[in-house]
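These are my notebook entries on one protein structure. I set down what I looked up, entry by entry.

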Amino acid sequence: MCARSSLYSNPKPCKHLSDYKLRCVSNGFKDLQKFIKAGSNGRARVDKDNTEVRRCSFCNGYRGRLFMCLICSSVSCSSHVGLHTQSENGHDIAVDIERAELYCCLCGDQVYDSEFDGIVVSERVKDLPVDKNGGFEGVEGRSIKRRKLDSKLDPGINDDLKKARLLMSSRDQRQKSCYPLGLRGLNNLGSTCFMNSVLQALLHAPPFSNYFLNDRHNHDQCPIKSGGKPCLLCEMDTISSAMLSGDHTPYSPARLLYSWWQHSTSLASYEEKDAHEFFISLLNGIHENSEEGRARDDSKDKGDCQCIAHRAFSGLLRSDVMCITCGFTSTTDEPCFDISLNMPTSSFSFKGVANKAVKPNEQIGLSTLSGCLELYTRPERLGSDQKFCCQNCQGTGSSLKQMSIKRLPLVLCLHIKRVEHSPSSKRFLKNDQYLQFPFSLDMTAYLSSSIVRKRFENRIFAFECHNSDSSAAYEIFAVVSHFGKFDSGHYVTYLRIKNQWYKCDDPWINEVDEETVRASKSYMLFYVQKRLFNIPRVSPRRDPLASGSK
């Protein structure tokens with residue numbers, strides 16, 4: 001990490017793309033250039049035959065993202081694009097038909113090539129008609145007024161660059177002017193969809209976003225930044241301001257990526273990372289960079305941390321280990337930023353999982369979130385490798401362990417464990433079961449008070465409880481989904497803003513319906529306490545995290 005000399009070093013080129021260009025591209029991407037067209041919405045797409053509806057050669061599907069192989073022109077959907085490159089040796093690079101973006105089937109992500117990007121920009125601008133005022137004509141014949149440009153542009157800027165800027169401006173005004181404030185795409189900096197997906201969820205978590213909106217972190221007085229070191233809180237504050245600026249062009253979170261690299265040097269690379277791993281690492285970094293976090297770590301009093309990461313996301317788990325011989329129970333409290341849930345495997349078969357596309361209506365391996373939570377709080381017998389030495393009878397016999405939630409956080413993150421070990425193949429595979437999850441969630445049944453009372457047959461006794469019934473009611477506001485294999489694939493985030501769902505796919509943002517969200521392969525579910533859901537951007541005196549507020 002220390003060897004990097006610039007905050008904005010270019011991503012390492014994809015080796016598979018480099019191999020493809022050496023083997024197959026003698027004249028650049030000129031053969032593909034004639035098929036790149038600008039649609040009525042201003043976006044570039046690959047259109048080889050206007051009269052034909054493109055369908056996946058494996059499942060005959062035509063919805064979602066479709067990819068065309070650059071060697072044989074075979075079309076595959078996102079579920080089967082990996083199968084094509086497995087069956088056809090060397091067919092590693094494809095192009096996203098709707099987006100005109102290069103895609104590496106082996107890396108499982110979009111890849112960047114400056115030559116191809118130049119061709120796309122050139123062809124996209126060339127296809128758009130210009131009206132008499134110098135602007136581009138919009139959908140249904142409406143003309144879009146040209147955004148005012150600086151009249152003193154450098155003479156070296158050519159006409160294509162000017163037109164490209166106009167194109168981005170007009171398209172943005174036409175498509176996103178009605179989107180809520182704060183909704184903005186994030187550019188992929190090279191296999192960074194894991195970061196973008198988590199950032200979208202964090203920046204739309206009401207307690208977390210209000211912290212930065214109310215200027216609770218001061219750039220000018222930050223001791224870490226003034227000491228010349230990267231500060232994750234400063235970078236999150238910068239991104240928050242950019243998201244709320246009213247500018248809808250995609251934002252590049254390069255400085256935050258660099259700061260995170262400096263904090264987590266073992267994870268610093270342009271390779272795809274796990275979104276959950278990034279989420280935990282980022283919150284830990286924010287804690288360490290915050291004034292409250294440093295004060296707590298230096299203090300002998302290890303009470304609840306008052307940093308924004310802990311105040312918004314931290315909860316408390318209770319672990320009970322019960323000796324079956326004498327009935328003694330040993331209790332341990334464990335702080336957490338999230339709860340990781342296993343999926344029931346009774347209806348899950350590893351056979352063909354890696355290659356078969358499963359549709360929601362097929363009901364293959366269907367699970368529910370309530371089932372996952374019940375499995376999490378169900379007593380389990382500890383194995384022989386987890387022997388428990390009872391403090392009461394000093395025995396090491398059989399014991400039971402049961403988890404419950406002692407204190408719920410303001411923002412509840414539920415992580416769905418989708419990677420499992422296959423006994424037959426002796427390798428790790430992704431569990432692609434569909435998970436049914438509610439938009440309104442009541443966590444009362446999984447609180448320690450409920451679990452312990454149930455264990456003792458609902459006898460009434462004094463119990464320390466950190467949550468009232470009202471604070472156990474949650475509403476969902478973000479879903480991070482993963483598509484593809486566990487070691488590659490792609491992350492997207494679905495955001496719920498005023499009961500309208502939006503799909504955030506790196507720089508692309510689209511409205512979607514509830515069914516699309518429910519049918520997604522959820523990986524991380526973000527809920528916020530119902531009393532905080534859909535509240536307007538608040539002033540400091542109404543901020544639940546403001547000083548003195550509990």
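**Entry: phenylalanine 313 and the cores**

I began with phenylalanine 313 in this predicted model, and I asked which residues are in contact with phenylalanine 313, leaving aside neighbours within four places in sequence. The list I found is Leu202, Ala205, Phe208, Phe279, Leu283, Cys336, Phe337, Pro409, Val411 and Phe526. I then noted that a second, separate core has 33 residues, including Met343, Phe439, Val492 and Tyr494.

Next I looked up the largest nonpolar core, which has 65 residues. The members that touch the most other members are Phe208, Met236, Phe279, Ile286, Phe313 and Phe526. As general background, I recorded that nonpolar side chains in soluble globular proteins tend to be buried together.

**Entry: the whole protein**

I checked the totals for the protein. The secondary structure comes to 16 helices and 23 strands. Of the 550 residues, 50% count as buried. Among contacts with a separation of 6 or more, I noted that 67% are between residues 24 or more positions apart.

**Entry: helix H7**

How many of the eight residues of helix H7 are buried? I found seven, so H7, which covers residues 206-213, is largely enclosed by the rest of the structure. The buried residues are Pro206, Pro207, Phe208, Ser209, Asn210, Tyr211 and Phe212.

**Entry: H7 against H9**

I recorded that the axes of H7 and H9 come within 9 Å and cross at roughly 90°. That value makes H7 roughly perpendicular to H9. On the H7 side, the contact is made by Phe208, Tyr211 and Phe212; on the H9 side, I listed Leu233, Met236, Asp237 and Ser240. By class, I found five nonpolar residues, one polar and one charged in this contact.

**Entry: H9 against H10**

I turned to H9 and helix H10, which spans residues 254-263. The two axes come within 9 Å and cross at roughly 160°. Angles over 145 degrees count as roughly antiparallel, and H9 and H10 are therefore roughly antiparallel to each other. I noted that H9 passes H10 in a left-handed crossing.

The contact is made by Leu232, Glu235, Met236 and Ile239 of H9, together with Arg255, Leu256, Ser259, Trp260 and His263 of H10. I sorted the contact of H9 with H10 by class and found five nonpolar, two polar and two charged residues.

**Entry: H6 against H11**

At what angle do helix H6 and helix H11 pack? I found an angle of about 55° between H6 (residues 193-202) and H11 (residues 275-289), with the axes 9 Å apart. H6 and H11 are therefore oblique to each other. Their crossing is right-handed.

In H6, the residues that meet H11 are Phe194, Met195, Ser197, Val198, Leu199 and Leu202. Their partners in H11 are Ala275, Phe278, Phe279 and Leu282. I noted that this contact of H6 with H11 has nine nonpolar residues, one polar and no charged.

I located aspartate 47 in the loop between strand E2 (44-46) and strand E3 (66-69). Beyond four places in sequence, its contacts are Phe35 and Lys37. Lysine 37 is 10 residues away in sequence and 6.5 Å away in space, C-alpha to C-alpha.

I found histidine 91 in the loop between helix H3 (81-87) and strand E5 (93-96). Histidine 91 also counts as buried, at 11% relative accessibility. Not counting residues up to four places away in sequence, histidine 91 touches Cys69, Ile71, Cys72, His84, Thr85 and Cys105.

Last, I looked up leucine 400, which lies in strand E13 (residues 399-407). Leucine 400 is partly exposed, with a relative accessible area of 26%. Among the residues that leucine 400 touches, I noted Asp320, Val321, Met322 and Ile324. Proline 379 is 21 residues from leucine 400 in sequence and 6.1 Å from leucine 400 in space, C-alpha to C-alpha.

Note on methods:
Residues are numbered from 1 along each chain as its sequence is written. This is a predicted model: local features need pLDDT of at least 70, side-chain atom pairs count only at pLDDT 80 or more; totals for chains, interfaces and linings use all residues. Side-chain values use heavy atoms; hydrogens and water are left out. A nonpolar core is a set of buried Ala, Val, Leu, Ile, Met, Phe, Trp, Tyr and Cys residues joined through side-chain atoms within 4.5 Å. Buried means under 20% relative accessible area, exposed over 50%, partly exposed in between (1.4 Å probe, protein chains only). Contact means heavy atoms within 4.5 Å. Axes are lines fitted to C-alpha atoms, for helices over the stretch in contact, and angles run from 0 to 180 degrees between N-to-C directions. Helices (H or I, at least four residues) and strands (E, at least two) are DSSP runs, numbered from the N terminus. Angles under 35 degrees count as roughly parallel, over 145 as roughly antiparallel, 65 to 115 as roughly perpendicular and the rest as oblique. A crossing is left-handed if the near helix is turned anticlockwise from the far one by less than a right angle, and right-handed if clockwise. Ala, Val, Leu, Ile, Met, Phe, Trp, Tyr, Cys and Pro count as nonpolar, Asp, Glu, Lys and Arg as charged, and the others, Gly among them, as polar.
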